[in-house]
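Here is a short report for a reader meeting this protein for the first time. Please look over the sequence and the model before reading on.

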Amino acid sequence: MSWKNSINQALGSVRISDVAAYVQSTPAVVGSAIDRFYISTRGLNAIGIPSLLSTSPELGPLIFLGLISTTENYLREIFSATLRSCGVAKCAAADHSVKLGSVLWHQGTALELAAFEHLSFAGAEEIKRACRNFLDFSFTQTSPLWGPLDEFDRLCQLRHSVVHANGNLAGKNAVSLALPSVTGRLRVSITYAQLQEAALICTSLITSFNTELFAEVAKRWALKWRELPDWIAANENMLFAELHGLFYSSIDAAESTIQDPMFLEQCRDEVKRTYGLL
């Protein structure tokens, strides 16, 4: 059967020599999820310079995947941090399962993050479902989140083709994007302009999500948390400081891009005033 080997080279079976060489240990996570998103996004944008993208067109889709991935990672981090801190979210998530492998790997720490390891956040419906199921957090078409989430979903339709079809746009994704039928195939093309736009859409989603979820959890701190059996009035300032830290962007503060900057104590008192506690 020598003819069997007449069409391509033969390499045989190749094994990973050391899987540990493919990973590295990183320091414990510090700061807010939104700042880690900013750092990752800026790192990706630094790679996607026009000269490199024009000479290596394969690079654009890879950076595009990185943008979607870092957006998903923000969502996993903020979901797990909220679940760890918010008693209302804990009640909503109580009946959901965690994969045993995740439990064994995390060894009793960061189990909240393990709850989201098997979920995909590459799509609007998946994000909405996780919000309802794990955080008891729902929103309608009037929410500031709706538009950014819809645009992110369109990016995810393109992502699917890059991940699963080497950039060839599948029919179902083309239909979802309302693209007209063509003779032949459509390929996803990510140039510098598309990367900048995609990064802006991802950032719009994350900043909106961060703002709206903070507003929801701050409202719970002012109202629902105080009705829970484990509420200790003497800890209210400490608890607010902790939840504020989950969402606060030191990067935005340093760059003076926060719309209404406040000190922690000012923000806390404004929340209390909003809900009749002052």
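## Overall fold

This is a predicted model. The protein has 13 helices and zero strands. Read along the sequence, the pattern is α-α-α-α-α-α-α-α-α-α-α-α-α. Along the principal axes, the C-alpha atoms fill a box of roughly 80 × 40 × 35 Å.

The protein has 278 residues, and 37% of them count as buried. Its accessible surface comes to about 16,800 Å². Carbon and sulfur atoms account for 55% of that surface.

## A salt bridge across the sequence

Side chains of opposite charge can pair when their charged atoms come close. How many salt bridges does a search of the whole structure find? The search finds 10.

One of them joins the side chains of Arg42 and Glu255, at 2.8 Å from N to O. Arg42 lies in helix H1, residues 33-47, while Glu255 lies in the loop between helix H12 (250-254) and helix H13 (264-274), so the pair ties together parts that are 213 residues apart in sequence. Arg42 is partly exposed, with a relative accessible area of 42%. Glu255 is also partly exposed, at 41%.

Arg273 pairs with Glu270 in a salt bridge, with the closest N and O atoms 2.6 Å apart. Why are these two separated by about one helical turn? Because Arg273 and Glu270 are three residues apart in helix H13. Arg273 is partly exposed at 45% relative accessibility. Glu270 is partly exposed at 35%. Elsewhere, salt bridges that share partners join Arg226, Glu236 and Lys272 into one network.

Another salt bridge links the side chains of Arg268 and Asp269, at 3.3 Å from N to O. Asp269 is partly exposed, with a relative accessible area of 25%.

## The largest pocket

Rolling a probe the size of a water molecule over the atoms shows where empty space is left. The largest pocket holds about 1,100 Å³ of space. It is lined by 35 residues. Which of them are closest to its centre? They are Asn210, Thr211, Ile258, Gln259 and Asp260.

Several helices give two or more residues to this lining: H1, helix H10 (192-222), helix H11 (236-247), H12 and H13. H10 gives the most, with 12 residues. By class, the lining has 16 nonpolar, 14 polar and five charged residues.

## A buried lysine

Lys128 sits in helix H7, residues 124-135. Is Lys128 buried or exposed? At 13% relative accessibility, Lys128 counts as buried.

Which residues does Lys128 touch, leaving aside its neighbours within four places in sequence? Lys128 is in contact with Phe139, Trp146 and Leu149.

Technical notes. Residues numbered from 1 in each chain as written. Predicted model: local features only at pLDDT ≥ 70, side-chain atom pairs only at ≥ 80, totals over all residues. Heavy atoms only, no water. Salt bridge = Lys/Arg side-chain N within 4 Å of Asp/Glu carboxyl O. Helix = DSSP H or I, 4+ residues; strand = E, 2+ residues; numbered from the N terminus. Buried < 20%, exposed > 50% of the residue type's maximum accessible area, 1.4 Å probe, protein only. 1 Å grid on protein atoms, 1.4 Å probe; cavity = no way out; pocket = protein on both sides within 12 Å on 5 of 7 lines; lining within 4 Å. Points joined across faces, edges and corners; volume = space filled by probe spheres on them. Nonpolar A, V, L, I, M, F, W, Y, C, P; charged D, E, K, R; others polar. Contact = heavy atoms within 4.5 Å. Areas by Shrake-Rupley, 256 points an atom, 1.4 Å probe, with all protein chains shown as cover.
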